[in-house]
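User: I have a structure to go through with you. Can you put it up and take my questions as they come?

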Amino acid sequence: MNTIYKNITTTGLATTLIAKSKRATGGISKITISNNSADAATVIVDLFDGGSTVYYICKNIVIPGGAVLVLDDNLTYDGSKYNLRIYNTGAGSGTEDLTIIIK
C-alpha cells in the first residue's frame, strides 16, 4: 500500500481515510495522527460497512495540542467490506488541524 496523507480541519463529521473497494486489502501497518492545533482533539477511528456496522479501532482518544498518536497494532482489516474513517470530535474552537499518515 502507498502511504496516504490527509489533513482534517473540521469537527463532528466522519472523514473516510480509505474507502472500501473490491481491490482494497486493508493491509496497513501504522496510522499516525498529529494534532497540529494548540487545543486538544478527541478522535475516533473506526471501520464502517456503509450501513449500521461500526467497529472501533479507538474511541474518544484525547490528543493534546501538539501531540501525536501512533496506532500500530492490529490494524489489518477487510478493505472490501469496510471504510476506514476518522472523526475529530474536538472542542470545535475553529483551530482544528489534524494530519493523518497511513502506511
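Analyst: The notes below go from the overall fold to single residues.

User: Fine. What kind of model is it, and what is left out?

Analyst: It is a predicted model: local features need pLDDT of at least 70, side-chain atom pairs count only at pLDDT 80 or more, and totals for chains, interfaces and linings use all residues. Residues are numbered from 1 along each chain as its sequence is written, and side-chain values use heavy atoms, with hydrogens and water left out.

User: How many helices and strands?

Analyst: Zero helices and eight strands. Both are DSSP runs numbered from the N terminus, with helices being H or I of at least four residues and strands E of at least two. The order from the N terminus is β-β-β-β-β-β-β-β. The radius of gyration is 13 Å, close to the 13 Å from the globule rule for 103 residues, so the protein is as compact as a globular protein of that length. That radius is taken over C-alpha atoms, and the rule is 2.2 Å times the number of residues to the power 0.38.

User: What does the C-alpha trace span along its principal axes?

Analyst: About 40 × 25 × 20 Å.

User: And what share of the residues is buried?

Analyst: Buried residues are 36% of the 103. Buried means under 20% relative accessible area, exposed over 50%, and partly exposed in between (1.4 Å probe, protein chains only). The accessible surface of the protein is about 5700 Å², and carbon and sulfur atoms hold 48% of that. Those areas come from the Shrake-Rupley method with a 1.4 Å probe; for residues, only the protein chains shown count as cover.

User: What about contacts between residues 24 or more positions apart?

Analyst: They account for 79% of the contacts with a separation of 6 or more. A contact is heavy atoms within 4.5 Å.

User: Switching to charges. How many salt bridges turn up in the whole structure?

Analyst: Two. The criterion is a side-chain nitrogen of Lys or Arg within 4 Å of a carboxyl oxygen of Asp or Glu. One pairs D46 with R85, with 2.9 Å between the closest N and O atoms. D46 is in strand β4 (residues 41–48) and R85 in strand β7 (residues 83–88), so this pair ties together parts that are 39 residues apart in sequence.

User: Are those two buried or exposed?

Analyst: D46 is buried, at 1% relative accessible area. R85 is buried as well, at 9%.

User: Which side chains meet in the other one?

Analyst: D78 and K81, at 4.0 Å from N to O. D78 is partly exposed at 32%, and K81 is partly exposed at 47%.

User: How far apart are the mean positions of the positive and negative charges?

Analyst: 11 Å, for 9 positive and 8 negative charges. Lys and Arg count as positive and Asp and Glu as negative, without His or the chain ends.

User: Back to R85. What does L17 contact outside its sequence neighbours?

Analyst: Leaving aside neighbours within four places in sequence, L17 contacts I4, K6, L84, R85, I86, I100 and I102. L17 is in strand β2 (residues 14–18) and is buried at 5% relative accessibility. L17 and T32 are 15 residues apart in sequence, with 12 Å between their C-alpha atoms.

User: And where is A19?

Analyst: In the loop between β2 and β3 (31–35). A19 is partly exposed, at 48%.

User: T10 next. Which residues does T10 contact?

Analyst: N88 and E96, leaving aside neighbours within four places in sequence. T10 lies in the loop between β1 (4–8) and β2 and is partly exposed at 36%.

User: Last topic, backbone. What is phi of N60?

Analyst: Near 55 degrees, a positive value in a residue other than glycine. Most residues other than glycine have a negative phi. N60 is in strand β5 (residues 54–63) and is partly exposed at 44%.

User: And N74?

Analyst: Phi of N74 is also positive, near 55 degrees. N74 sits in the loop between β6 (68–71) and β7, and is exposed at 69% relative accessibility.

How values were computed. The place of a charge is taken as NZ of Lys, CZ of Arg, CG of Asp or CD of Glu.
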